[in-house]
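Me: I'm new to this one. Can you walk me through it, one bit at a time?

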Amino acid sequence: MEKTDRPGGAHRLTTVDEVERTIGRPPSVIMLKQIKALDEGCRTVLARSPVAAFGYRAADGTSRTTFIGGAPGFVRVHSPTRISFLLREPADPCGPVSFFFLLPGVGEILRVNGSVAAARKGAEVTVDVVEAFVHCAQAVLRSRLWQPSAPGEVPAPSGGAGAPSLAAPADLSGPVDLSGPADSAEPADSAEPADPAEPTDPAGRPVEAAGPGPGPLGGPGIAEFLAAAPFLALSTWDASGGADTSPRGDRRAAVRILDGRTLLLPDRRGNKRADTLHNLVRDDRLSLAALVPGRTGVLHVRGRGTITDDPALLETMALRGTPPHAALLIDVEYAELTGNDAVARSRLWSPGAHLGRGAVPDLMALAGEHLAANSAEAKGGSSAFLLRALMAVPGLSRLLRLVVDRAYSSGLRKEGYDALVPARSGRRRRLPYRLSAGAGREDRAERQDLREVRIAEVRRETPSAVTLVLEGFGREPGPFDFRPGQFFTLVADIDGRPVRRAYSASSVPGSARLEVTVKHIEGGRFSAHVHQGLRAGDRIAVRGPSGHFHAAPQPPDEIVLVAAGSGVTPIMSMIRTRLSDRSARDRMTLLHSSSSAEEAIFGEELARLAKDHPDRLSVTQVLSRRDGRLDADRVRQWVTAAAPARDAHYYVCGPVPLTALVREVLAGLGVADGQVHHERYTGGTEAGAGTTVPRRMTVERDGQPVGAAVVEPGQTLLEAGLAAGLPMPYSCTVGNCGDCMVRLRDGEVTQGEPNCLTERQQGDGYVLACVGCPLSEVTLDIADP
């Protein structure tokens, strides 16, 4: 047999026969559980799943495993054999790909394998399905994936390589009870044995392990993350064009670090298919993505793997004296820890995210249906008929669930797991989460959730401005409600990553279509994408409405409007809305400054509206190339000539210099501050650079602790707080509105510039959570400023 000098000359399994002698052949009934197309049950799972593990290879052969999604139904099912989804990464998947879909609170997993169907269209990847099947709950059970942290606690972002997570068991009320009589379990106060992977001193106390040494695993935060990551997705490929992504879970940490470039992954008993092991003896390239419950970071690893049954090595991973039957030695070529948008948005560990009973079919019953259908096709005759008849018996699925749950519990105990943890009553032992979709509280919807929309039309307004006409579809076809003057945050995938920008609505509220007008900005990433990349039929997302710059529900009899450039877009919404009320008798006066006639956004429509409603609207266009820029004298002269009533209200929108100038003029004319409303353009802000190290964020309200979160590399303070379920204030998410302003009590933060904070607010210690990134551990106070 082959020998190696890394690590310690561990014996390797190099053939399929050696693998099957060690772990056994997969029973034929296991292989009958897979189907070749998505049936109704599978499609229901896809509609309810908010996140999936996805394994793929790029054209250059680079392997990658990541997590995709962010909200239930993120996968579009075009037919029983074709699906598509958005991939927020720049690489182009090709060839065979594989998935497994998670349902929060559910133990079993739906696995889907297929191949990329066509060239990637923007961020959308289309896949032809080859097979689908239900995976057992062992990985989820071992890892305690759905067990939340205790209130106010969060898994640690730093510590030694052997440092345990700070996550503590919560009150285990309501999960499925798998215990027998109370005296059949171990005593409630029995101590779980120390993890063999966790270093201890002679007295048995945990000690901080040394770092992994040089290599990919020595990067910032990587060893600490792996020490706290009990769950991962592992992707492998075979020699005939097949792919496989399977879940792996273990107590405390799914893998051990042997040195700066070597991982050891135990292979404990699972669904007996052993796809991963069979693949690795043919193609040793692999990739994985690891999760820590309660955190939104994902650790991406790729390298090469071999299988070992070396007794000495396996013994180091024994649980209660029971070692795994094999292990994977992974030679790591690349490791990176990043924030993950799909994990953050899906709120996997929010208690209300767990699916309620009946929300999805019981996955073990679904597997039984697949088995019955395949048996009928493969064998026919009375045995297949009997199996299908049994699956149709009322109540059989519930009985099957009880049997399977008992089998899970028994199997885990045999492997050395204390699978049944004590409830606080001490009377019985329960699993720390539901194995199937059980009763759960409905999660409170976000105040400003993302809404997917379709572009119905791209209308050219000027050579440098277009209007996007957006409409809802699917589950959200309804109208767009907002107040005239408010803005929406548009979210589009650009080069595989979500980019956000805020644009004011220019249409009338309550319509089935929303119009936003986007001016091309030199060097503007988002505006260039809108002008060059978006077409009718494309999809983007919107968040909103946002902003305090809007007309009152009952506007005054007279309003005075001043705008420059694209600042006319919220003003246009006010004008269109007021003129749509034919019974109104209010008066509007507009001063609009543009560079030239051809660049005057809505110029022709404004002229027409003023002509059609001479008693209600008057418009003055100033063209700076012809007339020069607006200055204080010209604004003062125009306001004086308009002779507005003393109780008129003023709405000003444009660049910061314009809004400051107009406000100064109006103050000089004796207009009260309460009658002047303004919106300043700050441009599209980007989050600060931050660091590559996860940082702990503590959140308080008026000095009282609210909770904590880990800000992963690439995340903002707001993203981390929302993902952890903290009551963070926010609205636009792009640094324009100031609703996310919080006081920095301790630590250091960098944030995108420009933003809407005043010098005084910054001097008082305020930061914008939506564009702020921590440079150290931070403490924020979210009390209203």
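**A first tour**

Reply: Let's start inside. Alanine 290 counts as buried because its relative accessibility is 1%. Buried means under 20% relative accessible area, exposed over 50%, and partly exposed in between, with a 1.4 Å probe and protein chains only.

Me: What sort of model is this, and how are residues numbered?

Reply: This is a predicted model: local features need pLDDT of at least 70, side-chain atom pairs count only at pLDDT 80 or more, and totals for chains, interfaces and linings use all residues. Residues are numbered from 1 along each chain as its sequence is written, and side-chain values use heavy atoms, leaving out hydrogens and water.

Me: Back to alanine 290. Which strand is it in?

Reply: Alanine 290 lies in strand β13, residues 285-291. Strands (E, at least two residues) and helices (H or I, at least four) are DSSP runs, numbered from the N terminus.

Me: And what is alanine 290 in contact with?

Reply: Set aside neighbours within four places in sequence. Alanine 290 is then in contact with Phe225, Leu226, Ala229, Phe231, Leu232, Gly297, Val298 and Leu299. Contact means heavy atoms within 4.5 Å. Take phenylalanine 231: it is 59 residues from alanine 290 in sequence, but 5.9 Å away in space, C-alpha to C-alpha.

Me: Now threonine 65. Buried or exposed?

Reply: Threonine 65 is buried, with a relative accessible area of 1%. Its place is in strand β3, residues 63-69.

Me: How many residues separate threonine 65 and serine 235 in sequence?

Reply: They are 170 residues apart in sequence, and 6.4 Å apart in space, C-alpha to C-alpha. Beyond neighbours within four places, the contacts of threonine 65 include Ser235, Ala233, Phe54 and His300.

Me: Zoom out for me. How many helices and strands in the protein?

Reply: The protein has 19 helices and 35 strands. It has 785 residues, and 54% of them count as buried. Take the contacts with a separation of 6 or more: residues 24 or more positions apart account for 72% of them.

Me: New topic. How many aromatic pairs?

Reply: There are 10 aromatic pairs. Rings of Phe, Tyr and Trp (its six-membered ring) pair if their centres lie within 6.5 Å; planes under 30 degrees apart are stacked, over 60 edge-to-face, and the rest tilted.

Me: How are the rings of phenylalanine 85 and phenylalanine 99 arranged?

Reply: Their centres are 5.5 Å apart and their planes are at 85°, so the pair is edge-to-face. The pair links distant parts of the chain, 14 residues apart: phenylalanine 85 is in strand β5 (residues 82-86) and phenylalanine 99 in strand β6 (residues 93-102). Phenylalanine 85 is buried at 2% relative accessibility. Phenylalanine 99 is buried too, at 0% relative accessible area.

Me: Which residues do ring pairs link into a cluster?

Reply: Phe54, Tyr56, Phe74, Phe85, Phe99 and Phe101.

Me: On to helices. At what angle do α13 and α14 pack?

Reply: Helix α13 (residues 568-579) and helix α14 (residues 603-612) pack at about 30°, with their axes 12 Å apart. That makes them roughly parallel. Axes are lines fitted to C-alpha atoms, for helices over the stretch in contact, and angles run from 0 to 180 degrees between N-to-C directions. Under 35 degrees is roughly parallel, over 145 roughly antiparallel, 65 to 115 roughly perpendicular, and the rest oblique.

Me: Which residues make that contact?

Reply: From α13, Val568, Met572, Ile575, Arg576 and Leu579; from α14, Glu605, Leu606 and Leu609.

Me: And how do α16 and α17 cross?

Reply: The axes of α16 (residues 632-642) and α17 (residues 656-668) come within 10 Å and cross at roughly 55°. The two helices are therefore oblique to each other. Their contact uses Ala632, Val635, Arg636 and Val639 of α16, and Leu661, Val662, Val665 and Leu666 of α17.

Me: Last one: where is the cis peptide bond?

Reply: It runs from glycine 544 to proline 545, with omega near 10°. Proline 545 sits in strand β23, residues 539-546.

Me: And where does phenylalanine 602 lie?

Reply: Phenylalanine 602 is in the loop between β25 (587-594) and α14. It has a positive phi of about 65° although it is not a glycine. Phenylalanine 602 counts as buried, at 4% relative accessibility.
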